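I opened this entry to keep track of what I looked up, residue by residue and then across the chains. The notes follow the order in which I checked things.

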Amino acid sequence: MAALRSQPLVAPDPPAELARPPLILNRRGTAWISGKVSGIAEGRAPRWWWAAFLPSAGLTALCFAMIAYLVSTGIGVWGLDCTVGWAWDITNFVFWIGIGHAGTLISAILFLLRQPWRTSISRAAEAMTLFAVICAAIFPVIHLGRPWDCWWLFPIPNANAIWPQFRSPLTWDVFAISTYFVVSLMFWYVGMIPDLATLRDRARTRARKLVYGLLAMGWTGSIRHWRHYEKACLLLAGLSTPLVLSVHSIVSFDFAASLLPGWHTTIFPPYFVAGAIFSGMAMVLTLLIPIRTLCGLEDVITVLHIDRMGKVLLAAGSMVGYAYAIEWFTARYSGSPHEIFAWENRAFGPYAWAYWTMLACNAISPQLLWLRRVRRSMAAVFLLSIAVNVGMWLERFVIIVTSLHRDFLPSSWSYFRPTLVDIGTLAGSLGLFLTLFLLFIRFLPMIAMAEIKGAAARSGARAHGDPDPPGGLSG
Amino acid sequence: MKNDAPARPAPWKEPRYWRSLDELARTPPFQEWLQGEFPDGAQALEHPVSRRRFLEIMSASFLLAGLGLGGAGCRRPEEAILPFARIPEGYDHGVAEYYATAMPVRGSAIPLLVKTHEGRPVKIEGNPLHPQGRTGTDAFAQASILNLYDPDRLRRFTRQGQAVAPAAAIDFLASQAREWAERRGSGLAILEGRASSPSRERIERLLRRRYPEARWYIHEPIDLQIARASAAMALGQPLAPAYRMDLARRIVSFDADLLGTEEDAHRWIHQHARGRQLDDDGRDPARLYVLESLMTLTGANADHRLRLEPARIPAAAARLWWEVHRQAGWAADEESAALRALANSYADPNSWCAECARDLVESRGQCLVVAGHRQPMAVHLAAWSLNHRLGNIGRTVHVRPAPAAAEKEGLPELAASLRAGQVEALVILDGNPAYTAPADLDWRSAQRMARTVIRLAASEDETSAACDWQIPALHFLESWGDARTGDGTVTSVQPLIQPLFGGASGKDGGWTDLEFLARIGGLEEQRPREIVRQTIRELAGSGDAVRQWRQYLHDGFLAGSAPAPASPAWQPGAALECWHSAAGSLAAQAASPGLQVVFHRDYSVDDGRYINNGWLQEMPDPITKLTWENAILISPRTARLHKLAHFDRIEIALRGRTVEGPVWIQPGMADNTLGLALGYGRERTGRVGAGSGYNAYRLRTAAALHADTGAQIRLVRRPGKKDRIACTQDHGALEGRPIVREASLDQFRADPGLASGAMRIEAHRPPAASLYSHPPLTGLHQWGMAVDLNACVGCSACVLACQSENNVPIVGRGQVARGREMHWLRIDRYYAGPPDRPLDEQGDDPQVVFQPMMCQQCEHAPCEYVCPVNATVHDEEGLNVMAYNRCVGTRYCANNCPYKVRRFNFFDYHRRPLDRLYRGPLAPKAPDERDLIQWARNPDVTVRMRGVMEKCTYCVQRIQQAKIARKIAAGISGDIRVPDGAIVPACAEACPAEAIVFGDLSDPNSRVSVLRRQARCYRALEFLDVRPRTSYLARIRNPNSRMPDWHEHPWSLEDALRRREGGRPGQAEPAGRPEGGG
């Protein structure tokens, strides 16, 4: 040890062209980061927040009103029929679950892959994940004919001595989603503890002190705390990583395990995971691009971040596009007239409008991201992310409804039309999602301050030739 | 103690099953108890009452009312349930009883066996003992149970629209009868419909004697009597024809919808199915030729079909007559001369008539020619002439003497005498003339010309407005009466329940037609039961009257009362006269310009009498699959010509009158023709029937009751969102999918496995067994079903039987339009056109196939493994059973069902008010209607609440009952195997064609096992490896290779083969190749 100390190892600076770009711009120091991020949660709510919150809260109220109407009257207030048993309900469910993939992907997989740029966006993405899963979890419950009996899907010992049916993909869903929610929540919360402690320490009112104090769970920043914290994060990241892949695979089994042409496809698990990452990334972009400006976080969530997320979007979009092509190929290659018909009906049947819009949004529009200029244009990326959100919602709609509405017996073919309640429930769930997210940025540390300080300092130090970075997370 | 429940009369020495409530109610202890109930009961309630005493009183009241608390829901019902404190002797709670009765229909009746539960009739079956044989029932009979419990029935005696006590009506009629008797009935006009009741005939004779100057009129909006009238004309005496479609090898129909809208259609369907059977002895199935304008059920089942504008059918019929005459080499005579001009006005462009005639000539004595009720007398006489000349009378068409119909005039004559002020009192016995009368009579104003109008009415309707007195008519299930079935057998009509709205005694609930007539006539005997008894005594002749009466009620008919077939001689005189007088006008009509119009009887609401029956309203029309309304049917070619699309609202102008309705483009319709179903568009009716369809009667004139010419149409508007028609089947093409399989007879004889094996779709069946090891099916019985598509004509009686048996709710028009009809059993109807023709022309002359589709009870059921809560599971006897209580309603099972036979309760349909959608538990409820409708429910079957999935389970309740009965009968012998045929599901029981066969597959000799071994047996979508327990027997067409529209393959098969890669028609694979072949 002594020998090592006597000859300090100095890594040579990389040449300028290989230097990593800084994660935090303008050489912002740790105090600035603490002040900036905590400030969002501390000061008076800005006007834009209220302007966003009030409509969102209104939509949330609409969501609950729609659910109340639905539960009191019956599923028939939606536009479903005996042929199309699932439509917007499950579309919304898969859509929200898909969005719920970005957070864990960013926090867990990028964490394990040692991608420090993730720190700027991970907290918000994780929060978004939780809120999306909450929105998603509403739909499997309210889409039931008798939602008050939804607990029968859980393996709860009961007087009837009837257990759930473990062959059903819906039962797998219950486990997959509840596990995913619990692990994501823990990951999010554990990661937030140091920042909650920061907020606690900065709190001026007694109530804030109390609440953040409770939430911070006695965090002192001791080396023991840091050590446990690091271990927990690593373990949770390890736990979450397979979940990112498994949850949407299992959701895809809802379709793949059936025998319906257009659903019964082995490509669904990877296809759904790619789609989920795609839509999740798009939703992160949709949320963060405006927030970055509104909260003045351009130095933390830099163009570089947006650029990299654009690249992920491009990769995922291309995978999804590949899946669309393969769907066509397998349908033709199968030689089964029903499979071929299912594909042709998607592309040229009554829902062709949905199919081609989906294709344009998901497979074609992301190709613009090959251009660096597009990736670095906030407006362009924002618009693209919206397109992808729309496209991914439509993708689920296309998969679910076009397969169902024309299946084996032509006598039962029908055409699904949504009702106002369908539309209201979707809009309401969007409102709920935004409301939760707005509350989150208002009351909780939106950026992982502790992590970003370390990462920024390190990368910033490297960039500026400082051989001995102060502190650090993974030291 | 006075409040004891009445003891039932001492058991009779001999079996006496057919006991009525009325009989029960006349026993002295019952009467005594009845009289004493209220004072005593009231007294008892004033005093401190013990709980036990209270229960006694309440249970006795429940017994009295005959109220069964059936219909327990998935959840615990809210109503208080009180058990019997004392159970009447000989009464097994929950065990159904069956009574024979009959449903009178126009000039005939349908013999029935009605199941009652706790004194409530709940299900209607055909009477298998009846000499007509086990001919099932029709949809109207199945649905008539709902008419009984219709809350919109007329419940009160009214005078000038105000309710009066029944006694007032009795007094009024008694005084009137005295007055009329004094004046020998002058000024009295009696308007009735067709009826076949011998008692009514007898009462009428008595009335005629008492009121010799009274005038009798008859009005039947859709009169099917012409078959009899033409027989009388052709053969010179009152006769009723009966066809033997089972014996006829060649059948030609001149617009006769024998399988649908003609009288006794269920009988003809039964015979048709027999005639189409493919026997092992190599007998070929019958061949059916149809000339028609509409696409009817008969046309849909025809081997060759010639569609013609209505005005050209007489000419084509004459042409066919002429061709038969020519090819048979008969000498020219007066008849040929009389028909020559008419025959020449139809050119027979593709020698359809000539080849059809050749086939007839070649099968003399084994063919049958029938004309339909829409055709003029000349066509009927031509048919009789052909039958006579081809030697069919006595072989394929029988005639039996019918009671000579008394002279009665029609509605136009009545309207004229009303306007002339000759009618002082008008008595309306049946029908609703203000709605059904020809438009040119202006009946409503005519009816007001009578000083007094007295009417026996089933409901408040259009005619009620101009009635002074209205007497509620009893439903036939509440009535004493009688009727003659189509074969002339006198059949009993006996009440199964006290009149529903008549209070405790049932006296004030209404009158039967017999009682009404007897009171009009002031007869001494006014009790309908006694009237019928007297009639039966007269008809039965000598013998033990009591015994005969009892036997009559037990069996439901008077044995040997059908007259023997007569063999009268052909009398050409009347025919010649008719042809001479009609030929000119018919030929002129055939050439008339403008669109032609056909007014037709509706498959769902008849002539409008069933408008308030939700089951019938929601029954998809067998051809169009429309529900809840009628449309203007128009051929694809004519629609293109007038640039019309589905649902366009158009206005028809005919002889200065107009009517507006939606367009329905009907494949197979005659061009240049509009089909207008009668019976809809009522102005005044119950809550169910209000606002459905348009009223085609408004275009109908007395001179052209069935068809008219010279109509103009005008587009009113393109359809809006609200104009969507509630149709249960949007798509009519098979898309080349061999779901319904058919072959022509020659192909089938050459290659019996064609239909089942060589369609080759099964190539996609997985080669190996599934990865999942399914639990073995170890039950003693293994249930299965076979549906013979060759027998099924699509009549839809099964759909309603299933609805009635299984408490299937009606959902209403808006929900059907949303695709949420609840029928567990539906009949899919597909069209197949010539695939080598452009798409535009494929709908011109399509072939039609029907396929009853219900849960197939897959052994590897795809619905089961996807249910997360085990709500749908397999039982060890191979049934895919539903645990409604367990269902949470994910609908995954329905999504994964390839047959789409699962039905979801999107709302609480059973709790909804009659005329609205269910609006949640807090919505106001109508006070009484639900209770009444609940009485129609079958207590053996759970009533499902909202949010659960439901489906057919082969009538599992009947299976369980039969198994329990068998176990009891087996005793210690342990022989608990249910014999074949002991279980008949509701659909099979109602099916007139016996197309549905249910039984035990583990018994190799059961009927269903035998059918499954037939070469033409296949299973729908078998390549999915779901292993359905229901199999289908392919349909075999029997086309005539010399006909112009002959084609080697049926078009559906042709289409399937063309779409199959490499599979060219005629290159089908050899027979016997196992399906799939891996």
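Predicted model: local features only at pLDDT ≥ 70, side-chain atom pairs only at ≥ 80, totals over all residues.

Leaving aside neighbours within four places in sequence, I found Y435(B) in contact (heavy atoms within 4.5 Å) with E462(B), T463(B), D607(B), G608(B), G679(B), Y680(B), G681(B), R682(B), N695(B) and Y697(B). Y435(B) sits in helix α15 (residues 433–436) of chain B; helices here are DSSP runs of H or I with at least four residues, strands are E runs of at least two, and both are numbered from the N terminus. Y435(B) counts as buried because its relative accessibility is 4%; buried means under 20% relative accessible area, exposed over 50%, and partly exposed in between, with a 1.4 Å probe and protein chains only. A polar atom of the Y435(B) side chain lies 2.5 Å from the backbone oxygen of Y680(B).

Conventions, for the record: residues are numbered from 1 along each chain as its sequence is written, and chains are lettered from A and ligands numbered from 1 in the order in which they are written. Local features need pLDDT of at least 70, side-chain atom pairs count only at pLDDT 80 or more, totals for chains, interfaces and linings use all residues, and side-chain values use heavy atoms, with hydrogens and water left out.

Next I looked at H219(B), in the loop between β7 (215–218) and α7 (226–235) of chain B. Is H219(B) buried or exposed? At 12% relative accessibility, H219(B) counts as buried. Its side chain makes a polar contact with the side chain of T436(B) at 2.9 Å; a polar contact is a pair of N or O atoms within 3.5 Å, where within protein one must be able to donate a hydrogen and the other to accept it, and residues adjacent in sequence count only if both atoms are side-chain atoms. Beyond four places in sequence, the residues that H219(B) touches include L191(B), E192(B), P433(B) and A437(B).

Then I went through salt bridges (a side-chain nitrogen of Lys or Arg within 4 Å of a carboxyl oxygen of Asp or Glu). The count over all chains is 85. E994(B) pairs with R274(B), the closest N and O atoms being 3.7 Å apart. E994(B) is in the loop between α31 (986–990) and β33 (996–1000) of chain B and R274(B) is in helix α8 (residues 265–275) of chain B, so the pair ties together parts 720 residues apart in sequence. E994(B) is partly exposed at 30%, and R274(B) is partly exposed at 40%.

R958(B) and E805(B) form another salt bridge, at 2.7 Å from N to O. The pair links helix α30 (residues 956–970) of chain B, which holds R958(B), to helix α25 (residues 797–805) of chain B, which holds E805(B), 153 residues apart. R958(B) is buried at 11% relative accessible area, and E805(B) is buried at 0%. I also logged a salt-bridge network that links R106(B), E220(B), R601(B), D606(B), D607(B) and R609(B).

I turned to the contact between the chains. Chain B contributes 63 residues and chain A 62. Together they bury about 5,100 Å², 55% of it on carbon and sulfur atoms; buried area is the accessible area (1.4 Å probe) that two parts lose on being put together, summed over both. R737(B), R886(B) and Y892(B) supply 14% of the area that chain B buries against chain A, more than any other three residues. I counted 2 salt bridges between the chains. R891(B) forms a salt bridge with D89(A), with the closest N and O atoms 2.8 Å apart.

Last, the whole of chain B and one helix. Chain B has 33 helices and 36 strands, and 63% of its 1078 residues are buried. Helix α33 (residues 1051–1059) of chain B has 7 of its 9 residues buried, so it is largely enclosed by the rest of the structure. The buried ones in α33(B) include W1051(B), L1053(B) and L1057(B).
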